[in-house]
Amino acid sequence: MEARTLFPALDREIYGKPLIYFDNAATAQRPFSVLELQQRLCVEANGNIHRAIHKLSADATDAYEAGREAVRRHINAPARENVIFTSGTTASINLVASCFCERYLAAGDRILISEAEHHSNLVSWQIACQRHGAALDVLPVDEAGEISPEELERRLKAAEGRIKLVALAHISNVLGIVNPVREVVETAHRYGVPVLLDGAQGIVHERVDVQALDCDFYAFSGHKVYAPTGIGVLYGKREWLEALPPYMGGGEMIETVTFEKTTYAPLPLKYEAGTQNYVAAACMAPALEVARQLAEDPALQAAQREMRDYLLEELTRIEGLRLFGTPRDPERKIPLFSFVVEGAFASDLAQILDKMGIAVRSGHMCAEPLLHRYGQTSLLRASLAPYNTLAECETFVSALRRAIKMLR
Amino acid sequence: MNTIQEIQASIVEEFSVFSDWMDKYEYLIELGKSMPLIDEKEKTEEHLIKGCQSRVWLACKPENGRLRFSADSDAIITKGIISLLLKVYDNQTPADILAANEDFIEAIGLKENLSPTRANGLVSMIATIKAYAAAHKGLSVPDGTERQKKDIEPEIVAALRNVYDPEIPVNVYDLGLIYEIQADADGVVFVKMTLTAPNCPIADEVVAQVHEAVADVPGVKEVQVDLVFEPEWTTDRMSEEAKLELGML
């Protein structure tokens, strides 16, 4: 399978050089199938969903619900009621942080997160904790970037029921390590504690089966798996979604309304107040189809591992380069590399690489506490997708060496 | 002393010799490396401007009616651009700084570096330079023909720094209440000032204190204090120290 030909953006030239797009962990490029559906729906089926009798509305509603079914199938959720559309991972996490904490969090309670969380899986809980007089319990990562399930268990035990929820990244956006989420869920459940997984990166690199994982919530964004921006998913176990109070009030989420009392729509509409991003939601179907094809192509998977191993080896060879996220089991590392280089500041490197046509990320990666843990303020990150090639990796390494030389 | 426009023009000319981005960046890197821009002990939390990409430190002190800036960044290209900005703004009067713009950065093809999306701290740094200039707007510049003024103005400022609005723990000068100080060769001093609110109940008292403090400065023979409410005072006029003191930073 020739993955590159599916993505028109990859043909671009940047300052006269072929684009090397290594910022996939921030957002992925979109395939033709997504772009075409997006355009077709805007032209042929732009009618507000679930509301009107006319044909445009009916077609838009069908496309929207087909997007939901595609998501359900992709993550193996039991039913459409488990799949809530949101605007993205951040919105999904905030929904749970707000509604779960309103019902179940009291003064003195705690929410357990890890030290390696993205700000969206950190600040949302911090706000909820402040509101309810609760606190964060932060599970540390070791020097390699790994969490310890034993330490998790020790904390759950010591908390004596005061930890109400565990919120953890499936894969950290900085470290690129696949966390032992199955083990975490199993451990937390032994103490009766539900688990939310931040799947912003996990949905891209892992085969996600929410029933096998047995997590209580799984949050992810569309734009990292080849869909448009502005669409995201919250998977939730039905008993939780039924039990939690509504989030936003508005159209669509109601059953009957009087000034005295409103009854709410059944799932999933209970959490989909207001006009949804129905075009983007519909695009989840072709996007996840591409994701599935890329993930199931053995040659592409082998190439991904080859690129990862190549970069791991080549980057380690660069003098003064320090890599973050080096798991003991190298198979738990995705092709995502965050690092600093002695004598060459991350944003300077990113700026020079940009001029060479290479898109990488620099900065605190929305994970300031994790950077503090390693004594850093800014990292450089190269994150790959299945459409990247080994030749691009080679160009990247030599461009990086050249940029370092300029700066030192 | 070159004007801001002259310095900007010379930078544009300097850059016109570079044919590609590589030369430009190498030059910026050189500038960034070669200039000690700030005293290590000034690299404090107070002077830190946080960007997502890089950090920038900026310190400012008034000197003879002009503002002296020193700055640093952990990113070397950012530091190179800072040194260009400081070439332009360092040792200029608050009024000239407020009147100037940064179009020369675009002229030398580095505009993307001042884009807010870069989040490298430069945009905030320029805003902070302008805020310092606004806070020191009251400073007037000594020039050669008015020796007397040059000699006594720092003392007038020092005297004003001892005058307080009884409700605010920051002196009237650092609060930015003094809009203008003019001292002529005969020792006649004119002070234009405002108060934080037009209906301030102790207005007379504060004006009287300013009058008294300035009159006590050696060499001052006559003092005229003009109380105005146009332009209106805002917290933007406060010095950095004043903001810090009041917990606004």
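## Cis peptide bonds

A:Pro268 is placed in the loop between strand 12 (262-264) and helix 10 of chain A, and the peptide bond that leads from A:Leu267 to A:Pro268 is cis, with omega near 0 degrees. This and every other value below comes from a predicted model.

In chain B, a cis peptide bond with omega of about -10 degrees joins B:Glu230 and B:Pro231, and B:Pro231 is found in the loop between strand 6 (222-227) and helix 9 (240-245) of that chain.

## The nonpolar core

The largest nonpolar core has 191 residues, of which A:Tyr218, A:Ala282, A:Cys283, A:Met284 and A:Ala287 touch the most other members. Helix 10 (residues 278-296) of chain A gives the largest share of this core, with 13 residues.

When residues up to four places away in sequence are left aside, A:Ala282 touches A:Leu37, A:Leu41, A:Ala63, A:Tyr64, A:Ala66 and A:Gly67. As a general background, nonpolar side chains tend to be buried together in soluble globular proteins.

## A helix pair in chain B

Helix 3 (residues 76-89) and helix 6 (residues 122-135) of chain B pack at an angle of about 20 degrees, with their axes 11 Å apart. Angles under 35 degrees count as roughly parallel, and helix 3 of chain B and helix 6 of chain B are therefore roughly parallel to each other. The crossing in which helix 3 of chain B passes helix 6 of chain B is right-handed.

On the side of helix 3 of chain B, the contact is made by B:Thr78, B:Ile81, B:Ile82, B:Leu85 and B:Tyr89, and on the side of helix 6 of chain B by B:Leu122, B:Met125, B:Ile126 and B:Ile129. Sorted by class, the residues of this contact are eight nonpolar, one polar and no charged.

## Where the chains meet

The contact between the chains takes 13 residues from chain A and 14 residues from chain B. On the side of chain A that touches chain B, helix 12 (346-355), strand 16 (361-363) and helix 14 (390-407) of chain A each supply at least two residues, and the largest share, five residues, comes from helix 12 of chain A. By class, this side of chain A has four nonpolar, seven polar and two charged residues.

A:Asn76, although not a glycine, has a positive phi of about 55 degrees; A:Asn76 lies in the loop between helix 2 (55-75) and strand 4 (83-86) of chain A and is partly exposed, with 14 other C-beta atoms within 10 Å.

A:Cys366 is a residue other than glycine with a positive phi, near 55 degrees. A:Cys366 is found in the loop between strand 16 and helix 13 (368-373) of chain A, where A:Cys366 is partly exposed, with 18 other C-beta atoms within 10 Å.

Conventions: Residues numbered from 1 in each chain as written. Chains lettered and ligands numbered in written order. Predicted model: local features only at pLDDT ≥ 70, side-chain atom pairs only at ≥ 80, totals over all residues. Core = buried A, V, L, I, M, F, W, Y, C linked by C-beta atoms within 7 Å. Buried ≥ 20, exposed ≤ 12 C-beta atoms within 10 Å, placed from the backbone. Helix = DSSP H or I, 4+ residues; strand = E, 2+ residues; numbered from the N terminus. Contact = placed C-beta atoms within 7 Å. Axes fitted to C-alpha atoms, helices over the stretch in contact; angles between N-to-C directions. Parallel < 35°, antiparallel > 145°, perpendicular 65-115°, else oblique. Left-handed = near helix turned anticlockwise from the far one by under 90°. Nonpolar A, V, L, I, M, F, W, Y, C, P; charged D, E, K, R; others polar.
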